[in-house]
Every structure is written in structure tokens, then in C-alpha cells.
Amino acid sequence: MQNGLAALDHSTQAAIKTVVDFDQATWKHLLAKGARPAAYVFTNSFCSTCPEVFELLQQTVQQNAQPTGQPVELAAILMDVRGERALAHAHHYAGVTSIYAFDGFEPAIRQAIDPKWRNITPYVVLVARNGKQQRVTGQPTLAQLKAWLN
């Protein structure tokens, strides 16, 4: 990662001091009233490929600056670390703007997100400006990323 990106990551992540609880109702609320465009990365504390996905998302956002100047939401949703303990993982997620942590019965929360999701991480949901969703297990393709921000 370039030094400029590292400095940006540090300043952005340093500002995150709270973790938002993520329960069965949170997903429906984010899809209805959340930021646009947004990337939601469902992860866990032991996901070895999740940091790479965040780095790709951050690079894509920086290369495709938003015409409105509005920041793009890059959210990490930790499934296995509760509450404030999730902040200890923020340094793994380049450009993260929000951190959520599952709060409740994990299988029920996952069911509310996507009944077909088989609990494989990273599970990425890209929400475009118009609300269109793309769901990806693993790293999104360049075509998916382009469609997300355009």
C-alpha cells in the first residue's frame, strides 16, 4: 500500500471510536435508509482474505472519486466479536468508515441478510447509488466494482 493511502487509512480509522450493534432489523434499515453508494463487508476476526477486499474497495473508491464529493460508506460487520472489542480489528480494514458487530443470534441475523448465504467470508454487498445490490462471496470483480460506483 502506498504511504499516502496508509496515512488516509490511519486518520479515517482513528476517527472510529464506536461500534454499532447489528441485529436482525439493522440490515433492513441500512438498505432502506443507509448511505449510497455503500459496501458492506461481512467478516469475522479470523478472515484472512477480508483485509484484501477492503484494500480493493478503498482503491476503487479513490480511483473513482464521487462527483457529489460524498464519501462512500465502507462498513465492516464483524460476526464473531461483540461490542467494543470489534474496534481492535479496525486496523485490518483499509478505509473502513463504520464498524458493526453482530448482536444477537448469529444464524437468525445471517438469515435476515440473505437466506442463501452459507456463512462464508468475506461476504460483500455492494449497494449502488440507485439502491441496486450486488452480493459477492469473496473479492468483487472489476466489472462489479465499476457497476457499483457508476
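Student: Where does Asn-44 lie?
Tutor: In this predicted model, Asn-44 lies in the loop that runs between strand β2, residues 38-43, and helix α3, residues 50-63.

Student: And is Asn-44 buried or exposed?
Tutor: Asn-44 counts as buried, because its relative accessibility is 7% and the word buried is used for values under 20%.

Student: Which residues does Asn-44 touch, then?
Tutor: Leaving aside residues up to four places away in sequence, Asn-44 touches Leu-78, Met-79, Asp-80, Tyr-93 and Thr-121. With one of these, Thr-121, there is also a polar contact between the side chains, at 3.4 Å.

Student: Switching to the rings: how many aromatic pairs are there?
Tutor: The count comes to 10 aromatic pairs. Among them is the pair of Phe-22 and Trp-27, which is tilted because the planes of the rings stand at 40°, while their centres are 6.4 Å apart. Phe-22 and Trp-27 are both buried.

Student: What about Phe-42 and Tyr-123, how are their rings placed?
Tutor: Their centres are 6.1 Å apart and their planes are at 50°, so this pair is tilted as well.

Student: Which strands do Phe-42 and Tyr-123 lie in?
Tutor: Phe-42 belongs to strand β2 and Tyr-123 to strand β5, residues 123-127, so the pair ties together parts of the sequence that are 81 residues apart. Both Phe-42 and Tyr-123 are buried.

How values were computed:
Residues numbered from 1 in each chain as written. Predicted model: local features only at pLDDT ≥ 70, side-chain atom pairs only at ≥ 80, totals over all residues. Heavy atoms only, no water. Helix = DSSP H or I, 4+ residues; strand = E, 2+ residues; numbered from the N terminus. Buried < 20%, exposed > 50% of the residue type's maximum accessible area, 1.4 Å probe, protein only. Polar contact = N/O pair within 3.5 Å; in protein donor to acceptor, adjacent residues only side chain to side chain. Contact = heavy atoms within 4.5 Å. Phe/Tyr/Trp six-rings, centres within 6.5 Å; stacked < 30°, edge-to-face > 60°.
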